[in-house]
Amino acid sequence: MTEAQAQAGTAATRVASLAGRVALRLVPAIFVVVLFAWPVVALVRRAVALAGDTGSGLGDLLDRTDALGLLGVTLGQAAASTVLALLAAAPIAWLFARVRGRTAIILAVIVTVPFVLPTVVVGIAFRSLLSGPLAFLHIESGLPAVLAAHMFINVAVVVRVVGAAWRGLDPRVVEAARTLGAGRLRAVRTVVLPRLVPSIASAAALIFLFCSTSFGVVIILGAGELRTLETEIYTQAIGYFRIPEAVALSTLQIVVVVAALLLTRVFTDPAGTGSAGAGRRHAGSAAHGRWTRPAMWAAGVWTVVLLVGPVVVLLVRSVRPVADGGWTLAGYRALAEPVNGVTPLESLRYSLLTALAATAIAMAVGTLAAVALHRSHGFLGTVGSAISLVPLGISAVTLGFGYLIVLASMPYAIAASPAVIPLVQALIAIPVVIRIMLPALDSVPARQRHAAATLGAPPWRVFVTVDMPVVGRSMAAAGGFAFVMALGEFGATSFLARADTTTLPVLIGSALNRPGADNLATAMAASVVLVVATTVAVVAVEAFRPRTEVPLL
């Protein structure tokens, strides 16, 4: 090989490397701009245009919809839900910090399934629970029912974040405090709690964000008695077709979400670990005292009652939809009968296909974004990490309404494309993929990458031969989480679904709105199908997930 050929080869390698680095950052950026920023900007522009056309300012539109009252209810129920979730999850987080092996895996599955269940399924489960075994409480719907469901869903956030941090604490510090005369409770109050404050604040901020944008739970359990910004946007846009009012409320909801995201960013560890010590395992952290085993049993019973109980009630009500009626499989037989022109089984098939497509898109874009963020440092890395979390916290209803506005101006072939729903579902799942992949990429030894590059391996081959063996299990876990999130997405999809693109969560919502015990039985049977699919996916995630102390949420 001549010197000129060698120089040409080196130049080509540099060009290819530069093109790869540009594509690494450009592909995720284009995806976010087109599928996230575009509909949100279109929504804001429509708000400004409508204010000018109608002569009503944004303030007038907000006054007309009692926006301040809705904002108060939205923030109030989110705050109350956060407090209840923290209190209910405390013993489970303590148990999660102490158990190991298969018990830890089983507990992780029990805790995670409620968080990733479709919200419409959670709503049906709690409707069954509160109208059945807990009917004596007389809270079948309204604010108490919504708070209970939010608590059920968000226990996983506390357990994953606080429990992982608790597991990483060095027990020798507590033992030292006990040696100096501190009682057990005083040692917890003065030694353990101060070290858990960052992770507790992080979990609280995340729960507040999720509850302030809750849609499916409030729609089903609110029963018209509880109106939040999220549900009112849907009512104004779809129920009354009052577009100016819906746009005004969406603008306010965007402000709320941005504020909540900033709050979350302040309290959340950028590394995704939840606390400084969450990544360390201490051999003595599972040591038992004489009172520990009964306390662990009590915490285990509380976990089953709180997290398994509602699902069991749903299973029972699916074969006995009327409390004083007989046992029947009519709901499951009705899965082959049409609801609004499509059968639940057809919707399940479509839901699985779109979830698989969304998972593939989310994994491709999310992995590229994670690699780009892993290689970015300083201000650029911080900004990129913050932006990557935005789609996770943005209101799904606001996003769906934005898509509705954008697609209305598109040719029918694009607006009716079967790719629309998988792309929206992928957008919502991408932040979770990034959050799981980043710690995994950080764990890959830099020296191995450098050695492979020195030997002439191009970047893609370095990733395949060096990174993949280390991050492969994390990629499988990320794919599992992306799948269950796409499968259960309800808020944005409810705006975009048509007769031939109805997902199972949307169809369940439609069945609930139809009178009659038969429709209720069908909705419950379809919900059980989603519970089974979600549980299988979560078990697969836990089987593939690396056994680290880093929380996935």
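A salt bridge is counted here when a side-chain nitrogen of Lys or Arg comes within 4 Å of a carboxyl oxygen of Asp or Glu. By that rule Glu232 forms a salt bridge with Arg227, their closest N and O atoms being 3.1 Å apart. The structure is a predicted model, in which local features need pLDDT of at least 70 and side-chain atom pairs count only at pLDDT 80 or more, while totals for chains, interfaces and linings use all residues. Residues are numbered from 1 along each chain as its sequence is written, and side-chain values use heavy atoms, with hydrogens and water left out.

The chain contains 23 helices and zero strands, where helices (H or I, at least four residues) and strands (E, at least two) are DSSP runs numbered from the N terminus. Of the 553 residues in the chain, 52% are buried; a residue is called buried under 20% relative accessible area, exposed over 50%, and partly exposed in between, with a 1.4 Å probe and protein chains only. The accessible surface of the chain comes to about 24,400 Å², and 69% of that surface belongs to carbon and sulfur atoms, the areas being found by the Shrake-Rupley method with a 1.4 Å probe, where for residues only the protein chains shown count as cover. Among contacts (heavy atoms within 4.5 Å) between residues at least 6 apart in sequence, 83% join residues at least 24 apart.

With this overview in mind, the reader can turn to helix H1, which covers residues 3-54 and holds Trp38. Trp38 counts as partly exposed because its relative accessibility is 42%, and together with Leu26, Ile30, Val33 and Val34 this residue makes a nonpolar surface patch of about 450 Å². Patches are made of residues with over 30% relative accessible area and no salt bridge, like charges being joined within 9 Å and nonpolar side chains (Val, Leu, Ile, Met, Phe, Trp, Tyr) within 5 Å. An α-helix has 3.6 residues a turn, so residues three or four places apart point the same way. Ala49 also lies in helix H1 and is partly exposed, with a relative accessible area of 36%. The C-alpha atoms of Ala49 and Pro244 are separated by 9.3 Å, although these residues stand 195 residues apart along the chain.

Further along, Asp66 lies in the loop between H2 and H3, and this residue has a positive phi of about 55 degrees although it is not a glycine. Asp66 counts as partly exposed because its relative accessibility is 44%. Helix H3 (residues 67-98) has 32 residues and reaches 46 Å from its first C-alpha to its last, close to the 46 Å expected, where the expected span is 1.5 Å times one less than the number of residues. H3 bends by about 45 degrees at Ala90, and a proline, Pro91, follows within four residues; the bend is the angle between axes fitted to the seven residues ending at a residue and the seven starting there.

Ser214 has its place in the loop between helix H8 (184-212) and helix H9 (216-222), and it counts as buried because its relative accessibility is 9%. Leaving aside neighbours within four places in sequence, Ser214 is in contact with His150, Thr228 and Glu230. Ser214 and Thr74 are 140 residues apart in sequence and 9.1 Å apart in space, C-alpha to C-alpha. Ser347, by contrast, is found in helix H14 (residues 344-375), and at 0% relative accessibility this serine counts as buried. Side chains of opposite charge can pair when their charged atoms come close. Glu245 forms another salt bridge, with Arg64, the closest N and O atoms being 2.9 Å apart. This pair links distant parts of the chain, since Glu245 is in helix H11 (residues 243-267) and Arg64 in helix H2 (residues 58-64), 181 residues apart. Glu245 is buried, with a relative accessible area of 8%. The side chains of Glu542 and Arg160 also meet in a salt bridge, at 2.4 Å from N to O. Glu542 lies in helix H23 (residues 517-544) and Arg160 in helix H6 (residues 143-167), so the pair ties together parts that are 382 residues apart in sequence, and both Glu542 and Arg160 are buried.
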